[in-house]
Amino acid sequence: MTFFTRSASLRAISGVALALAAGVLLPPSAEAARISNPVAVFSGLDKITGRITTFDVYINETVQFGALQVTPKACYSRDDTEQQKVDGFVEVDEITLDRRIRRIFTGWMFADSPGLNAVEHPIYDVWLKECKQKSDIPPPDSAGAK
C-alpha cells in the first residue's frame with residue numbers, strides 16, 4: 001500500500017483546485033452571432049463595356065444581370081461590434097444563346113475574398129459585396145400590391 005507524503009498530497013489537492021478555478025474563472029468562449037439578412041448586395045462587371053453595376057437582390061428572388069440570373073439563398077453578416085464577415089449562398093444561371101438556362105455556379109461567396117468564389121464568365125463577373133436588412137428597392141411581394 002502506498003501512502004502519499006504530505007508534499008505529494010498537497011500537490012494533488014492544489015492541482016485539482018487550480019483546474020477547478022480555471023474552469024470557473026475563465027470566461028466562456030465568445031462566438032459571433034450570425035445575422036441572417038433579407039437583402040444581398042452584388043457587384044457585376046460587364047467586361048465588354050467595362051461598367052461595374054451594384055444591385056440589391058432579396059433572398060430567394062432572381063435578378064438578371066446581362067445573360068446571368070443571380071439568386072441568393074442566404075446572406076449572413078455579423079453584429080456591428082464584431083469584425084464583419086459577410087458570406088452568402090448563391091446560385092447563378094446563364095441564359096444561353098438558344099434560350100436554355102444552364103447553372104454555372106452554386107456555392108458560398110465571401111465578401112472579404114471576392115476572388116475566392118466569384119462567378120467568372122467570359123463576359124460577366126459577379127461577386128458578393130455585403131448583406132443588409134433594408135433596400136431602397138421594394139420587396140417583390142409589395143411591388144405588385146400598389
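Mentor: Let's start with a term: a nonpolar core is a set of buried Ala, Val, Leu, Ile, Met, Phe, Trp, Tyr and Cys residues joined through side-chain atoms within 4.5 Å. Buried means under 20% relative accessible area, exposed over 50%, and partly exposed in between, with a 1.4 Å probe and protein chains only. This is a predicted model, where local features need pLDDT of at least 70, side-chain atom pairs count only at pLDDT 80 or more, and totals for chains, interfaces and linings use all residues. Residues are numbered from 1 along each chain as its sequence is written, and side-chain values use heavy atoms, leaving out hydrogens and water.

Trainee: Which residues have the most contacts inside the largest nonpolar core?

Mentor: They are Phe42, Phe55, Val90, Met109, Val119, Val126 and Leu128, in a core of 20 residues. Strand β9 gives the most to this core, with 4 residues. Strands (E, at least two residues) and helices (H or I, at least four) are DSSP runs, numbered from the N terminus.

Trainee: Why does Phe42 count as buried?

Mentor: Its relative accessibility is 0%, and the limit is under 20%. Phe55, at 11%, counts as buried too.

Trainee: What makes Cys75 and Cys131 a disulfide?

Mentor: The definition asks for a pair of cysteine sulfur atoms within 2.5 Å, and the sulfur atoms of Cys75 and Cys131 are 1.6 Å apart. The torsion about their S-S bond is about -80°, so the disulfide is left-handed. Cys75 lies in strand β5 (residues 68-78) and Cys131 in strand β9 (residues 124-132), so the pair ties together parts 56 residues apart in sequence. Cys75 and Cys131 are both buried.

Trainee: How many aromatic pairs are there?

Mentor: The count is 5. Rings of Phe, Tyr and Trp (its six-membered ring) pair if their centres lie within 6.5 Å; planes under 30 degrees apart count as stacked, over 60 as edge-to-face and the rest as tilted.

Trainee: Why is the pair of Phe42 and Phe55 called stacked?

Mentor: Their ring centres are 5.9 Å apart and their planes at 25°, so the pair is stacked. Phe42 lies in strand β2 (residues 39-46) and Phe55 in strand β3 (residues 51-58), so this pair ties together parts 13 residues apart in sequence.

Trainee: And why is the pair of Phe65 and Tyr124 edge-to-face?

Mentor: Here the centres are 5.4 Å apart and the planes at 70°, so the pair is edge-to-face. Phe65 is in strand β4 (residues 63-65) and Tyr124 in strand β9, 59 residues apart. Phe42, Phe55, Phe65 and Tyr124 form one aromatic cluster.
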